[in-house]
Amino acid sequence: MNAQPSILLGVPRVARYMSFSSQADASAAASLASVHALNIGDQMVVGIGEPLIALWGGTVDDLRTFPALSGPGVQIPSTQHALWCWLRGDSQGELVIRSNAIADSLRSEFQLAQVVDAVKYGEAELGLDLTGYEDGTENPTGDDAGAAALVEDGSSFVAVQQWVHDLRHFSALPQSEQDHIIGRRKSDNEEIEDAPSSAHVKRTEQESFTPHAFVLRRSMPLAGEGAEGLLFVAFGNSLDAFEVQLRRMAGLEDGISDALFEFSRPIAGAYYWCPPVQDDRLDLSAVKL
Ligand code: HEM
């Protein structure tokens, strides 16, 4: 399988997420050619959004634009862009240099619309969310991770969301209430069997969906002044598993919204197709390039 190597790697120390829109006068062929010229390596994931595929006049099976959703007391925005790059690294400085080079190489066809920085929190292999809860415990591992995240040809789909937390509100809650919001005990990370059905892990339990809805999550805490929250990233062999989880979180299945919304809200969301690679370049043959 020729998947982009970074998809199956764990969470890095630091990361930078770049979202690009097409320039007003962008040519589809030149846009895809400049994306094809990127050296993917093993420290970057590149995703292509529906707006760029539509500009090209093609289609990618299962790719769509992120849906804006409304549930009881809950709003989930869509901020779809044409192109997304997730840069992984060990130092923030290195990411600045690499991201500048990428933005410069794409500049004639793409406008850099948003840059978001994230850091790993906690020393354990799986990082912590800023609430202090381990994030990624129930991720599939080994062959199961590849099966959840990748299509047979090595391509993948990714759902990306930016969530803003109110950490002061959350940390002022009694410990048992915090645990019931997540559905796990912070002290030992054990799942709480009789947690309320609004608890986050009750809402999203991957085996509770028909068919099972497994995704490979690679979320990281936001970094930077005034930024407190989570850059949520989930890879899937389609976007369906993520979307059924999100709909249930929003209360669209049974009217019960996820308790996470008590202290956090999404402010951005997008879907991307992550093509396979060949010789460090994206293999865009699926869109006949
Ligand atoms: C504020 C945003 C979020 C935070 C802080 C958060 C945090 C967590 C934590 C602490 C866990 C428990 C440990 C683990 O298994 O990883 C978890 C589980 C999980 N989360 Fe989230 N999450 C957020 C948003 C989302 C979203 C938007 C989705 C998908 C739509 C999602 C899907 C899942 C899934 C699938 C699990 C594992 C459930 C299971 O099978 O037990 N999360 N999350």
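Helices (H or I, at least four residues) and strands (E, at least two) are DSSP runs, numbered from the N terminus. The model shown in every view is predicted.

**View 1. The largest pocket and its lining.** About 720 Å³ of space lies in this pocket. Its lining is made up of 35 residues. Nearest the centre are Asp 135, His 200, Val 201, Thr 204 and Arg 217. Strand E7, helix H7, strand E10 (229–236) and helix H8 (240–249) each contribute at least two lining residues. H8 supplies the largest share, with four residues. By class, the lining holds 14 nonpolar, 12 polar and nine charged residues.

**View 2. The iron atom of the ligand and His 200.** The iron has His 200 as its only protein donor. The donor atom is NE2, at 2.0 Å from the iron. His 200 belongs to helix H7, which spans residues 200–204. His 200 is also among the residues nearest the centre of the largest pocket. Helix H7 itself gives at least two residues to that pocket's lining.

**View 3. Helix H8, mostly covered.** Of the 10 residues in H8, seven are buried. They are Ala 241, Phe 242, Glu 243, Gln 245, Leu 246, Arg 248 and Met 249. These buried residues pack against two helix or strand neighbours seen in View 1, H7 and E10, among others. Strands E3 (69–71), E4 (74–76), E7 and E11 are also packing partners. Just after the helix, Gly 251 adopts a positive phi of about 85°. H8 is the element that gives the largest share of the lining of the largest pocket.

**View 4. The second largest pocket.** This pocket holds about 260 Å³ of space. It is lined by 22 residues, and Val 11, Leu 126, Asn 139, Arg 217 and Arg 218 come closest to its centre. Strands E8 (216–217) and E9 (220–221) are the elements that give two or more residues to its lining. The lining counts 10 nonpolar, seven polar and five charged residues. Arg 217 is listed here among the residues closest to the centre, and it is listed near the centre of the largest pocket as well.

**View 5. The cavity.** One cavity reaches 30 Å³ or more. The space inside the largest cavity is about 120 Å³. Its lining comprises 15 residues, with Ser 19, Trp 84, Gln 114, Val 160 and Ala 268 closest to the centre. Strands E1 (14–22), E6, E7 (156–165) and E11 (264–274) each give two or more residues. E11 gives the most, four residues. The lining has eight nonpolar and seven polar residues, and no charged residues. Strand E7 also takes part in lining the largest pocket. E11 is one of the elements contacted by the buried residues of H8.

**View 6. Helix H1 and its buried face.** H1 covers residues 28–36, with Ala 28, Ser 31, Leu 32, Ser 34 and Val 35 buried. Viewed down the helix axis, these buried residues fall within an arc of 160°, so they line one face of H1.

Terms used
Residues numbered from 1 in each chain as written. Predicted model: local features only at pLDDT ≥ 70, side-chain atom pairs only at ≥ 80, totals over all residues. Heavy atoms only, no water. Buried < 20%, exposed > 50% of the residue type's maximum accessible area, 1.4 Å probe, protein only. Arc of directions from axis to C-beta. 1 Å grid on protein atoms, 1.4 Å probe; cavity = no way out; pocket = protein on both sides within 12 Å on 5 of 7 lines; lining within 4 Å. Points joined across faces, edges and corners; volume = space filled by probe spheres on them. Nonpolar A, V, L, I, M, F, W, Y, C, P; charged D, E, K, R; others polar. Donors = N, O, S within 2.8 Å, 3.2 Å for Na, K, Ca; no water. Contact = heavy atoms within 4.5 Å.
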